[in-house]
Amino acid sequence: MEKQKVRFEFVTFTGERQEVEGMTGDTVMQVAYDNGVEGVAAECGGSMSCGTCHVFLDEASFDRIDAPSEGEVDMLDIVASERRPTSRLSCQIKLEENFTGAKVMIPEMQY
Amino acid sequence: MTQAQLQHSDIPAGVPMHDAGERFHPFEHEGMHQLLAEFRQDVPIFYSPLIDYWVVTRRADVISVLRDHERFSAVVATQPVVPWPPELLQYLVDQGFTNESVQVACDPPRHTRIRSHVQGFLNPKKLQSFEAEVRALVQSYVAAINGKDTVDLVDAITYELPALIAFLLLGVKDIDPRRIKSWTELRVKLMHGHPTREEQMAAADDLLDFWRFSCDLVEQRKVNPGDDYPSWLLASRGGDDTRLTENEIKSLTFALLLAAHETTSNASANVLLELLRRPEDWQALVEDPSLIPNTVEEGLRYVSSVVAWRRMAKEDFELAGVSLPKGTKLLLSLASASRDEGTYENGDNFDIRRKNARSHVAFGNGIHFCMGAPIARMQIRMMIEELTSAFPNMTLIPDEEIEIAGVLTFRGPTRLPVRLNG
């Protein structure tokens, strides 16, 4: 299937917004890396070993996309900033068209 | 702009890049941080003729290479710096040494496949479940020195203890940790040191014994599985070679028997040495143990036990303003990156209250990020907690020479003589 562009935005802890564009199949973490988004440490580069790419989604987007795996839910137990109902690891969210318009909020700290 | 690719012979004598290559002695740890601090200012990359590697000194460049596993291969990560003689290789093959690259020195997709199995056991949650056992082990080692006047902390604690914690993961109970430690030192020297040919040849039988020990462990778990790493891998394999082979499991076990303790022994001794050199810091931790977790991070930043890690370019590339060809070997100086003034104010100062200490690269970055980091952090923290609590007045014995044993990639003191009660 041909890759599609997906636009969404990051919102920093202090409320600054940054609109970004990724391709379907990319992870939210990769888009953060590629756009120099601060605050997504992602020490382990997406191999689900560190819990430092924690983000919060807006509720609607959280509900719209695939649910986190069991491994991701386990990792979310150990994130540094308070876990919320819409917490995700950004390395585990693969962009699909339904992510368009999502708000990805970056927590105060990753460790 | 396309630059002509640089050959190291093109670098004229007298320019800072050439000068750095001449002055850098990759196996000498005395003065290394000071030298790197100087290079970091003007020389983000230079060629080291002694090892035929390009050395990268700045944090942003180090991280960009570690994250770019598409262009930079890990296959050289544990390659012997001094190539093994063909006779040694042949002898090892003849004797059934079938160890293969499974983690640090392999690339996707193989790395991804294997890591997905390993992840099921070496993940932060599982590692946290060992907390009570790790605490008990640390306490038993600290209790064993109680009542003494002077002690060498390396000999009494940091050398052995991490090996016993590795044994917890492996479900091993009945082997002398010193045996594993001496096998490990041998392997480290063969990979990252500069042994003579005689030393290489003499090491063969010990290396084989270490390999066979790992193989036997896996064979035993096939018959009597437990709640341990090799048993987990065997279950995860499910008898399917396309998922994971038995030889890969043996190689993973062989790898853990080194990786799970070698760097932690050095890292814990490194941070203890820095603390003991600064009695006011020791006292601060005695009075406020909540500073200890950040102290662990500052120790890992300021004096990482892994001083450098290796990569090889899979294609032509440009880094730090220099164009280099495919096949170029890079020595990423983690020791330098973690003190980079671009990220760390007064990076060459040890500051247990430093706010961004944790952003060091001692555990790497990207897909090869250390999977044992949570348990390494845990045991270093507990060692400091138990030692500051039991010996609030501990001091370094003055005028005792502290030798830093070093190979290309690792560093740590060989001894740490202290007076336990000041």
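This is a predicted model: local features need pLDDT of at least 70, side-chain atom pairs count only at pLDDT 80 or more; totals for chains, interfaces and linings use all residues.
A salt bridge is taken here as a side-chain nitrogen of Lys or Arg within 4 Å of a carboxyl oxygen of Asp or Glu. Residues are numbered from 1 along each chain as its sequence is written, chains are lettered from A and ligands numbered from 1 in the order in which they are written, and side-chain values use heavy atoms, with hydrogens and water left out.

**Interface of chain A and chain B**

- Contact (heavy atoms within 4.5 Å) involves 16 residues of chain A and 14 residues of chain B.
- The buried area, meaning the accessible area (1.4 Å probe) that two parts lose on being put together, summed over both, is about 1,300 Å² between chain A and chain B, with carbon and sulfur atoms giving 52% of it.
- On the chain A side, the most area is lost to chain B by A:Glu43, A:Ser49 and A:Tyr111, which together account for 43% of what that side buries.
- A:Glu43 also joins B:Arg358 through their side chains in a salt bridge, at 3.3 Å from N to O.

**Domains of chain B**

- Chain B is divided into domain 1 (1-67 + 306-349) and domain 2 (85-303 + 360-419), with bounds that come from an automatic or database domain assignment.
- The C-alpha centres of domain 1 of chain B and domain 2 of chain B lie 27 Å apart, and their contact takes 24 residues from domain 1 and 25 residues from domain 2.
- Between domain 1 of chain B and domain 2 of chain B the buried area is about 2,300 Å², of which carbon and sulfur atoms give 57%.
- B:Phe27, B:His29 and B:Trp309 supply 26% of the area that domain 1 of chain B buries against domain 2 of chain B, more than any other three residues.

**Cysteines**

- Over all chains the structure holds 0 disulfides, a disulfide being a pair of cysteine sulfur atoms within 2.5 Å.
- The sulfur of A:Cys44 has its closest cysteine sulfur in A:Cys50, and because the two are 3.5 Å apart they are too far for a bond.
- B:Cys215 is likewise in no disulfide, the nearest cysteine sulfur, that of B:Cys106, being 18 Å away.
- A:Cys44 counts as buried at 3% relative accessibility, and B:Cys215 is buried with a relative accessible area of 13%, where buried means under 20% relative accessible area (1.4 Å probe, protein chains only).

Note on methods. Buried means under 20% relative accessible area, exposed over 50%, partly exposed in between (1.4 Å probe, protein chains only).
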